[in-house]
Amino acid sequence: MSKRIVLTGGGTAGHVTPNIALIPELQKQGYEVHYIGSYEGMERKLIEDENIPYYGISSGKLRRYIDLKNLSDPFKVVKGLGQAFHLLGKLKPDVVFSKGGFVSVPVVLAAKLRKIPCVIHESDMTPGLANKICIPCALRVCTNFPETLKHLPAQKAVLTGSPIRQELFEGDRQKGLDFCGFNDNKPVLLIMGGSLGAVAVNDAVRSILPELLKDFQVIHLCGKGKLDPSLDGTTGYVQYEYIKGELRDLLAAADVLISRAGANAICEILALRKPNILIPLSAEASRGDQILNAASFEKLGYSVVIQEKDVTDQGLLNAVTNLYENRDSYIQAMEKSQLNNSIEKIVGLINEARKHNKRCK
C-alpha cells in the first residue's frame, strides 16, 4: 500500500533542516515525500537539493506589531490557503507534518479542511503565533522542552526533541581542520550566528579576535553579506557566510562553540555534546523565545548564557576561556539528556496519524 506525506515549514533554516532530518527515515519506511513551502524562501533550494518534489505557495507573515504589510499579508495567506487546498487535493497525502513558520499556516488549515491528519513540531519553549494558529488543527504536537508541555493541550503534546540530521554525527575532525587550513596545536572555537547571521555576535567576536587567536583557532559562520574582507588571510581565523556540506566536519573539529539560541541549533549542539556559549536574540528583536530556550539549557548545565545587552569584550573572552577549561562538566551534563531518538519518536507519531486517517475514512 502506497504511503504519502507532505512536509511543510520555512522562513529560516530552523524550520527546514528538521524536516530534512526526517526524510531518510520516512523514505526508508516507504513514504513518498512531497514539500510545500513559499515561492522563493530558503527552503526551496534546501529541499530541491534533496531531490524532493517542491511546491511553492503564497505566504504572508502575521505580525504582532503595526506594519503596513499587515494590510496585504492576510490576502496572501488566504491565497496560500486556496493553493494549499488544491495541492493537497491533487497529492492526496495520508498525513502532513509541519515544522512551523508562516508558510505552514495555510497548509495545516487546508489539511484540516481536507480531513488530513497533521503532526506539528514546536521547537521553542512557548508556541509561536504560526503554531498557535495550527495547534487546534493538529492531531499531535511535538516539543523540544519539558516546559512547553504546559502550554499545549495535554492529549496532543508529546516530548520528542528535535530531529537531528544524521550526517552531523558523521563529521571528521581532521577533514574539518584541513578544510580551514588549521592544525592540532590549538583548540578550535566555532561561532554560529544562525542562517541569517547575527551582527551583535559577529561584532563581539571580531573585537576580541586578536586575544582569541592567542589560545584558539576560530571558525566564524557569520551569515550572508556579513563577511569582513579586512580579516581575510588572518592566521588561525576563517570566515564563511554559510556552510552546508562541510558543516559536519567543522562541528567535529570544534572544541567549543558560540551560538545563537535558536531551538534547532541548540538541539544539534546538545546531540553532538559540544560545550557552548549561547547569546540569544534579544527580546527587542524577537518574541523572546531564544532567551527562554537558552535559560532552559543553562538550568540543565548544558550551556553558558550571555544576554546580548550584557556582551562585553572582556566578558566574552573570559567566558570562552572558562568554558574551555571546564568543558568536561558541560559534556557530562549533556550526556544525561533525555532527548534522544527524536526521529524514531516523530516518525512513530506520523505512522500513528496515518493509521488514524485510514480508520476515519
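Q: Which residue does Asp255 form a salt bridge with?
A: Asp255 pairs with Arg173, and their closest N and O atoms are 3.8 Å apart. A salt bridge here is a side-chain nitrogen of Lys or Arg within 4 Å of a carboxyl oxygen of Asp or Glu. Keep in mind that this is a predicted model: local features need pLDDT of at least 70, side-chain atom pairs count only at pLDDT 80 or more, and totals for chains, interfaces and linings use all residues. Residues are numbered from 1 along each chain as its sequence is written, and side-chain values use heavy atoms, with hydrogens and water left out.

Q: Where do Asp255 and Arg173 lie?
A: Asp255 is in the loop between H9 and strand S11 (256–259), while Arg173 is in helix H6, so the pair ties together parts 82 residues apart in sequence. Helices (H or I, at least four residues) and strands (E, at least two) are DSSP runs, numbered from the N terminus.

Q: Is Asp255 buried, exposed or partly exposed?
A: Asp255 counts as partly exposed, at 21% relative accessibility. Arg173 counts as partly exposed too, at 27%. The cut-offs are under 20% relative accessible area for buried and over 50% for exposed, with partly exposed in between (1.4 Å probe, protein chains only).

Q: How many salt bridges does a search of the whole structure find?
A: The search finds 12. One of them joins the side chains of Arg248 and Glu170, at 3.3 Å from N to O. Arg248 lies in helix H9 (residues 247–253) and Glu170 in the loop between S7 and helix H6 (173–180), so this pair ties together parts 78 residues apart in sequence. Glu170 counts as exposed at 53% relative accessibility, and Arg248 as partly exposed at 29%.

Q: What about Glu308, which residue is its salt-bridge partner?
A: That's Arg260, with the closest N and O atoms 2.6 Å apart. The two link distant parts of the chain, 48 residues apart: Glu308 is in the loop between strand S13 (303–305) and H12, and Arg260 is in the loop between S11 and helix H10 (263–272). Arg260 is buried, with a relative accessible area of 8%, whereas Glu308 is partly exposed at 24% relative accessibility.

Q: And which residues are linked in a network of salt bridges?
A: Lys45, Asp49 and Lys244 are linked that way.

Q: Switching topic: where does Thr148 lie, and is Thr148 buried or exposed?
A: Thr148 sits in the loop between strand S6 (140–143) and strand S7 (157–159). Thr148 counts as buried, at 0% relative accessibility.

Q: Which residues does Thr148 touch?
A: Leaving out residues up to four places away in sequence, Thr148 touches Glu122, Asp124, Met125 and Thr143. Contact means heavy atoms within 4.5 Å. The Thr148 side chain also reaches two backbone oxygens, that of Met125 at 2.9 Å and that of Asp124 at 3.3 Å.

Q: OK, cores. Which residues touch the most other members of the largest nonpolar core?
A: Leu189, Leu212, Val218, Ile258, Ile277 and Leu316 do, in a core of 39 residues. Such a core is a set of buried Ala, Val, Leu, Ile, Met, Phe, Trp, Tyr and Cys residues joined through side-chain atoms within 4.5 Å. Helix H12 (residues 313–325) gives the largest share, 5 residues. Apart from this core lies another, of 26 residues, including Val103 and Cys118.

Methods: A polar contact is a pair of N or O atoms within 3.5 Å; within protein, one must be able to donate a hydrogen and the other to accept it, and residues adjacent in sequence count only if both atoms are side-chain atoms.
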